[in-house]
Amino acid sequence: MLDSKTLTQFIIEEQRKISGATGEFTLLVNDIATSCKAISDGVNHGALADVLGSAESENVQGETQKKMDILSNDIMLHVNGHNGHVAAMASEELEEISAVPQGAKHGKYLLVFDPLDGSSNMDINVSVGTIFSVLRAPEGIEEPTEADFLQPGTQQVCAGYALYGPCTIMVLTTGNGVNGFTLDQDIGEFILTHPNMTIPEDTQEFAINMSNQRFWEAPIKRYIDECVAGKEGPRGKDFNMRWVASMVAEVHRILTRGGIFMYPIDSKLKSKGQGGKLRLMYEANPMSMIVEQAGGASTTGRERILDIQPQEIHQRVPVVLGSKNEVERVTGYHQQ
Ligand code: AHG
Ligand code: MN
Ligand code: MN
Ligand code: MN
């Protein structure tokens, strides 16, 4: 403990380098960390706290909500809404943006989150996570509207996730590299354990839901066919495959040992009128900022995700991210 650094110490040190920093951002990150600790606690108790299974409600995405989706969302809103660091919040589980409670001070940040990512894994006791993105609220605005949230990913002040796996780990970037902090359950603090995380440029591991193969577009079909062909194919090497079905866990694996993760557009999604499966503002954008900050790349196959001008809070996009050389290869196949 004596030579370890807590998340709060780390953020304070980073903020000292910025002239004019008021400490508000440090307090916001602290609140986000507190919410993730509370969600981690809920996730860890599982059936003991009666948080497994589905609720009887549907979210705006048309998904049946898990009990833990609702609890995680409530924790995020409650912990981050009262302390005066955010002006408004938006969530996967809320149709509309959420203003800070009546009487609470309005802060200068907008907070966007996926309170529980991979929630279909909750009941089978496999990793889930929380994804968040911090944007600046436009100055001089009393009540932010949805339009104020519609900023491209390049405008994010901070992006991060908490992964509730064998241990709870928080990974974040403020645009100055990527750092990981493990929750020390005994003292209740996130401790810097993974400084300067970087993604190797090359990889032999891919992650995609293969059950959608027949719906994919030609460039994705070609890329995966070539990976699967292995040593005997045009790539001349064998590939390994993983699919956790929690984007947080996939991205964390890629930050740890490289890889490429894809949730591409396909004919099945198109027939439902969807532009992809994953949501731009609280899944694709924060993860793309982290991946780029770690030296990787992130694209829809056709354009850099962080450059997309969002049209709505719950917009969906295709996602291809991870080790740079593989992502560039997929982009190349889309150009041919
Ligand atoms: P969420 O649980 O927040 O709705 O997100 C689930 C997402 C993502 O984390 C994962 O990569 C993907 O959906 C899993 O999709 P499949 O069910 O098609 O495997
Ligand atoms: Mn969901
Ligand atoms: Mn998600
Ligand atoms: Mn979710």
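Me: Which residues does UniProt list for "domain: Fructose-1-6-bisphosphatase class I N-terminal"?
Reply: Residues 5-195, in an unreviewed entry. UniProt positions follow the numbering used here, feature names are shortened, and annotations may be inferred rather than shown by experiment. Mind that this is a predicted model: local features need pLDDT of at least 70, side-chain atom pairs count only at pLDDT 80 or more, and totals for chains, interfaces and linings use all residues. Residues are numbered from 1 along each chain as its sequence is written, and chains are lettered from A and ligands numbered from 1 in the order written.

Me: How much helix and strand in 5-195?
Reply: 27% helix and 31% strand. Helices (H or I, at least four residues) and strands (E, at least two) are DSSP runs, numbered from the N terminus. The end C-alpha atoms of the span lie 11 Å apart.

Me: Switching to ligand 1. Which residues come nearest?
Reply: Asp117, Ser119, Asn209, Ala245 and Met247, of 13 around ligand 1. Near means a C-beta atom, placed from the backbone, within 6 Å.

Me: Why does ligand 1 lie between the domains?
Reply: Because domain 1 (7-194) and domain 2 (205-335) both give residues to its shell. Those bounds come from an automatic or database domain assignment.

Me: And the five-strand sheet, what's the order?
Reply: β12-β11-β13-β17-β15, open, with mixed pairing. Pairing takes at least two DSSP bridges between strands. The edge strands are β12 (240-241) and β15 (297-299).

Me: In which sense do β11 and β12 pair?
Reply: Parallel, over two bridges. Phe206 stands opposite Met241 in β12.
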